[in-house]
Amino acid sequence: MSDVVPIKLACLDLAGTTVGDIAMVERAFAEAIATQGIVPGTGAYARAMVHVHRSRGCPKIDVFRGIFPGNEAQAQAANLTFERSYEGALERAGLVPMPGVLEVLDKLRGTGIKLAVITGFSRVTLSRVLSVLGWHDKIDLAISPEDAGGRGRPWPDMVLHAVLRLGVEDVRQVAVIGDSESDMLCGRRAGASIVAGVMTGVHSKERLLKGGATHILDSIADFPSLILSDDLGATQTASSAR
């Protein structure tokens, strides 16, 4: 297709997309909420966990601000507990990359595509995650909301920060992949030409399409064939996904 713009930058989500730590994240949220008096078995706990699910991909502090509106001290305290709980789980269990993800990273970098990891984790937690994974030599950039001025997903700031930092000339040369609605909104608002939703995470195909996914993939293993294709019409697009 003559109007296809070659992809120069891929922005990759972490939890649920490149690493399989969804259960660890959920437990950390539950523990953090419990320290603030919202315990399992109560209606308040059920409502809080629904909010957590709906807000996946967003900055963790913003999630807690939604659970404790108007109480910044409580939100900050819960966020601190979340970080300690999650990092403790990393120490005990480590992290397992999604099947095929290391091959994906190597293949994309081998074609000259820049790789940026974007996340809702804080900079401290993100640094710990990268240390555990040992990915420092496999990616070009890792971005937390703090790195992009404080606004995380669904805002486009982290993707645009990657565009600027890595010298990408055109936002249409960007592909974004993630497992949450906020990932999709972030990619579309940033102007990425490919915004791929994967079915290995927390949100359904319907939620991903609602967020603006241009493509639905079974897993990140399908990502290289999509963004390296000369004819995106040959892939499964959002309009044809069922």
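A crossing of two helices is called left-handed if the near helix is turned anticlockwise from the far one by less than a right angle, and right-handed if clockwise. Helices (H or I, at least four residues) and strands (E, at least two) are DSSP runs, numbered from the N terminus. The structure is a predicted model, in which local features need pLDDT of at least 70 and side-chain atom pairs count only at pLDDT 80 or more, whereas totals for chains, interfaces and linings use all residues. Residues are numbered from 1 along each chain as its sequence is written, and side-chain values use heavy atoms, with hydrogens and water left out.

Helix α3 (residues 60-67) passes α4 in a right-handed crossing. The axes of α3 and α4 come within 8 Å and cross at roughly 135 degrees; axes are lines fitted to C-alpha atoms, for helices over the stretch in contact, and angles run from 0 to 180 degrees between N-to-C directions. The two helices α3 and α4 are therefore oblique to each other, on a scale where angles under 35 degrees count as roughly parallel, over 145 as roughly antiparallel, 65 to 115 as roughly perpendicular and the rest as oblique. On the α3 side, the contact (heavy atoms within 4.5 Å) is made by Lys60, Ile61, Phe64 and Arg65. The α4 side contributes Glu72, Ala75, Gln76, Ala78, Asn79 and Phe82.

Helix α4 (residues 72-93) also packs with helix α1 (residues 22-35), at an angle of about 140 degrees and with the axes 8 Å apart. This pair, α1 and α4, is therefore oblique as well, and α1 passes α4 in a right-handed crossing. Met24, Val25, Ala28, Phe29, Glu31, Ala32 and Thr35 of α1 make the contact with Ala78, Thr81, Phe82, Ser85, Tyr86, Ala89 and Leu90 of α4.

Six strands form an open sheet with parallel pairing, in the order β3-β2-β1-β4-β5-β6; two strands pair if DSSP finds at least two bridges between them. The edge strands, each pairing on one side only, are β3 and β6 (215-217). Neighbouring strands of the sheet are turned by 20 degrees against each other on average, direction ignored.

Strand β2 (residues 114-118) is largely enclosed by the rest of the structure, because four of its five residues are buried. Buried means under 20% relative accessible area, exposed over 50%, and partly exposed in between (1.4 Å probe, protein chains only). Strand β1 (residues 9-13) runs parallel to β2 and is joined to it by five bridges, with Asp13 of β1 partnered by Ile118 of β2. Three bridges join β2 to strand β3 (residues 141-143), again in parallel, and Ile118 stands opposite Ile143 of β3. Together with helix α6 (residues 123-133), β2 and β3 make a right-handed β-α-β unit; a crossover is right-handed if, with the strands pointing away from the viewer, the path from the first strand over the helix to the second runs clockwise. The pairing of β1 and β4 is parallel and extends over four bridges, and Ala10 has Ala175 of β4 as its bridge partner.

In the loop between α5 (101-110) and β2 lies Gly112, which counts as exposed at 51% relative accessibility. Gly112 and Leu9 are 103 residues apart in sequence, and their C-alpha atoms are 9.0 Å apart in space. Gln173, in the loop between α7 and β4 (174-178), counts as buried at 12% relative accessibility. With neighbours within four places in sequence left aside, the contacts of Gln173 are Val5, Pro6, Ile7, Lys8, Leu9 and Val168.

His161 belongs to helix α7 (residues 157-165) and is buried, with a relative accessible area of 19%. Apart from neighbours within four places in sequence, His161 is in contact with Ile143, Asp147 and Ala148. The loop between β3 and α7 holds Pro154, which is joined to Arg153 by a cis peptide bond with omega of about 10 degrees.

Helix α8 (residues 181-190) is mostly covered, with seven of its ten residues buried: Glu181, Ser182, Asp183, Met184, Cys186, Gly187 and Ala190. These buried residues of α8 pack against β1, α7, β4, β5 (194-198) and α9 (205-211). Gly191 follows α8 and has a positive phi, near 90 degrees.
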